[in-house]
Structure formats: structure tokens, C-alpha cells
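Work through the exercises below with the sequence and the structure at hand. Each task is followed by a solution in steps.

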Amino acid sequence: MEQGLYAELSEAMECLEHICYDGCTHVGPYDAAEVKRERTPCGRFATCQALQVLIRHFATCEKKVRGGCVRCKRMWQLFRLHSYVCHHTDSSCKVPFCR
């Protein structure tokens, strides 16, 4: 059980970096001119489509301001975990809220 959770979180962290650095079907880096628009789901990570939906929700949710959205809290947890394990030593990381 614990190893499975660790594997899921590890994949989520890799997928978050993939989306923030490379972009994917619906979400891309904040500094990109345009998002890669593919019609087929990303096959690189099992969690990619779900994480993109979560990121899009996080970007537009109005409840997060008041701290009342469970989905946004999950996204904040991923951002915090990424920040904790991030290997970038400077401010070059493209994942939001890192450092």
C-alpha cells in the first residue's frame, strides 16, 4: 500500500514537471506562446489527463481564495511536494510556486 502511494506521487511529480516544462494536450508552460494541441490523450503518464484537468480547475476556481475547495487543496499539496523535492537550486524551475 505504501509503495503504491509513493509510486503514484512520484509519477504525479514527473507528470507535473512534464506539463510545466514541455506542455501537453491542454496545459502548457506559463511562458509558452501556445499550448501543444493534440487530439489524443498523452500516453507518457497515466495521470497526465487528470492532472491537466486539476491544473485547469486550479487556475479558474473561485473557492480556492477562501480555502474551501478540496481539488485546489490537492493541487497545493502537489505544488508543495514538488517544491520540497525539486532538484533546481536556482529560480529556473517552471513549476508554479516552486521556491
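**Exercise 1: a serine and its surroundings**

Ser-83 has a relative accessibility of 18%, so this residue counts as buried. The model is a predicted one.

Task: state where Ser-83 is placed and which residues Ser-83 touches, leaving out those up to four places away in sequence.

Solution. Step one: Ser-83 is located in helix 3. Step two: with residues up to four places away in sequence left out, Ser-83 touches Phe-97, Cys-98 and Arg-99.

**Exercise 2: two helices**

Task: decide whether helix 2 and helix 3 are roughly parallel or roughly perpendicular, and name the residues that make the contact.

Solution. Step one: helix 2 covers residues 48-60, and its axis comes within 9 Å of that of helix 3, with a crossing angle of roughly 110°. Step two: angles of 65 to 115 degrees count as roughly perpendicular, and helix 2 and helix 3 are therefore roughly perpendicular to each other. Step three: helix 2 contributes Leu-51, Val-53, Leu-54, Ile-55, His-57 and Phe-58, while helix 3 contributes Arg-71, Cys-72, Arg-74, Met-75, Trp-76, Leu-78 and Phe-79. Step four: sorted by class, this contact of helix 2 with helix 3 holds ten nonpolar, one polar and two charged residues.

**Exercise 3: an aromatic pair**

Task: classify the ring pair Trp-76 and Phe-79 as stacked or edge-to-face.

Solution. Step one: the count of aromatic pairs comes to six. Step two: the ring centres of Trp-76 and Phe-79 are 6.2 Å apart and the planes stand at 75°, so this pair is edge-to-face; the cut-off for that class is over 60 degrees. Step three: both Trp-76 and Phe-79 belong to helix 3 (residues 70-85), where they are three residues apart, about one turn of the helix. Step four: Trp-76 is partly exposed because its relative accessibility is 30%, whereas Phe-79, at 4%, is buried. Step five: one aromatic cluster is formed by Phe-58, Trp-76, Phe-79 and Phe-97.

**Exercise 4: cysteines**

Task: how many disulfides are found in the whole structure?

Solution. Step one: a disulfide needs two cysteine sulfur atoms within 2.5 Å. Step two: the search of the whole structure gives zero disulfides. Step three: for Cys-15, the nearest cysteine sulfur is that of Cys-48, 3.7 Å away, and Cys-15 is in no disulfide. Cys-15 is buried, with 0% relative accessibility. Step four: Cys-86 is likewise in no disulfide, its nearest cysteine sulfur being that of Cys-98 at 3.6 Å. With a relative accessible area of 9%, Cys-86 is buried.

Methods: Residues numbered from 1 in each chain as written. Predicted model: local features only at pLDDT ≥ 70, side-chain atom pairs only at ≥ 80, totals over all residues. Heavy atoms only, no water. Phe/Tyr/Trp six-rings, centres within 6.5 Å; stacked < 30°, edge-to-face > 60°. Helix = DSSP H or I, 4+ residues; strand = E, 2+ residues; numbered from the N terminus. Buried < 20%, exposed > 50% of the residue type's maximum accessible area, 1.4 Å probe, protein only. Axes fitted to C-alpha atoms, helices over the stretch in contact; angles between N-to-C directions. Parallel < 35°, antiparallel > 145°, perpendicular 65-115°, else oblique. Contact = heavy atoms within 4.5 Å. Nonpolar A, V, L, I, M, F, W, Y, C, P; charged D, E, K, R; others polar.
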